[in-house]
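Good morning, colleagues. Please have the structure open as we proceed.

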Amino acid sequence: DFTDEWLYTMYKLVPSAVQKGMVGTAKKNGGREAFLEFVVEGQGRVSNLIFWCSSDFVRGRMEDVLSVGMRRWKVHGETYLQYIRERLENCGKNLLERGRLYRQLESVIQPGDVFPDDVRKLVDLCNDYTPLQMSSVEPNVRAYLEDVALQGSLSTDYEPVGKIFVRVDLMRRLTREDQRAMLLAALGTHQYDYAEHLAGFISSRGLPIVSILQGISEREFWGLVLEKGSFDLTSQE
């Protein structure tokens, strides 16, 4: 059995058409991540071939990954989620900075690359780290709120400030059962703004909110309607 080092030595000696075949075979058959890592390092440029390397290799080159997008979540999903978590941690208590960073990282995720479990974990990250965003405001108000955020004291009690939720096109990867569980969990923990976001998303897909809410307690139902009642629960019947 040829070593990865020997294969790469041969790779450098053969014509480009043969090199392409060697790479294609390594990708198809698997088990040659080290060989592909040699190829990526030798290319001197960023390419999608990096996603067929080991997760450890990908983790060490996340800046390159971000320039082309987070791909192959089935293989590298835990690596990406850990990276996002670490970056959010590094923002300290500045929730606006967390929000800007989360949106930046989320922007390189394509819906077709993720699976329901990945989206659930992104939702958990947003719930755990509460990234915030600010609507358009006067420069002096923005400067004040940025200072409050820097001190770690910002919350949605400030009118121009709102929570960041996972992008809608990513949420569409969730199953209906996932959506129902998340909505009921949000209601059960009195996260009415998040429940409203989920209900609006579910309604936008033409799904009946009333059937989604089967099993909800009367207290949770009225908490949603009275505290965050800007959508019509009966209009989707």
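What you see is a predicted model. I begin with helix H1, residues 4–11, and helix H3: their axes come within 8 Å and cross at roughly 40 degrees. The two helices are therefore oblique to each other, since an angle of under 35 degrees would be needed to count as roughly parallel. The crossing of H1 and H3 is right-handed.

Which residues make this contact? From H1 there are Asp4, Glu5, Leu7, Tyr8 and Tyr11, and they meet Ala34, Phe35, Phe38, Val39 and Gly42 in H3. Sorted by class, the contact of H1 with H3 comprises seven nonpolar residues, one polar residue and two charged residues.

I turn now to the packing of H2 with H3. Helix H2 spans residues 16–29 and helix H3 residues 33–43; their axes come within 10 Å, with a crossing angle of roughly 140 degrees. That angle makes H2 oblique to H3, because roughly antiparallel requires over 145 degrees. H2 passes H3 in a left-handed crossing, whereas the crossing of H1 and H3 is right-handed.

On the H2 side, Met22, Val23, Ala26 and Lys27 take part, meeting Phe35, Leu36 and Val39 in H3. By class, this contact of H2 with H3 has six nonpolar residues, no polar ones and one charged residue.

I close with backbone geometry. Where is arginine 72 found? Arginine 72 is in the loop between helix H5 (62–68) and helix H6 (73–89). Although not a glycine, arginine 72 has a positive phi of about 55 degrees. With a relative accessibility of 29%, arginine 72 counts as partly exposed.

The other case is threonine 130, located in the loop between helix H8 (116–129) and strand S1 (132–134). Threonine 130 is not a glycine either, yet has a positive phi of about 45 degrees. At 26% relative accessibility, threonine 130 counts as partly exposed, because buried would require under 20%.

Definitions and conventions
Residues are numbered from 1 along each chain as its sequence is written. This is a predicted model: local features need pLDDT of at least 70, side-chain atom pairs count only at pLDDT 80 or more; totals for chains, interfaces and linings use all residues. Side-chain values use heavy atoms; hydrogens and water are left out. Axes are lines fitted to C-alpha atoms, for helices over the stretch in contact, and angles run from 0 to 180 degrees between N-to-C directions. Helices (H or I, at least four residues) and strands (E, at least two) are DSSP runs, numbered from the N terminus. Angles under 35 degrees count as roughly parallel, over 145 as roughly antiparallel, 65 to 115 as roughly perpendicular and the rest as oblique. A crossing is left-handed if the near helix is turned anticlockwise from the far one by less than a right angle, and right-handed if clockwise. Contact means heavy atoms within 4.5 Å. Ala, Val, Leu, Ile, Met, Phe, Trp, Tyr, Cys and Pro count as nonpolar, Asp, Glu, Lys and Arg as charged, and the others, Gly among them, as polar. Buried means under 20% relative accessible area, exposed over 50%, partly exposed in between (1.4 Å probe, protein chains only).
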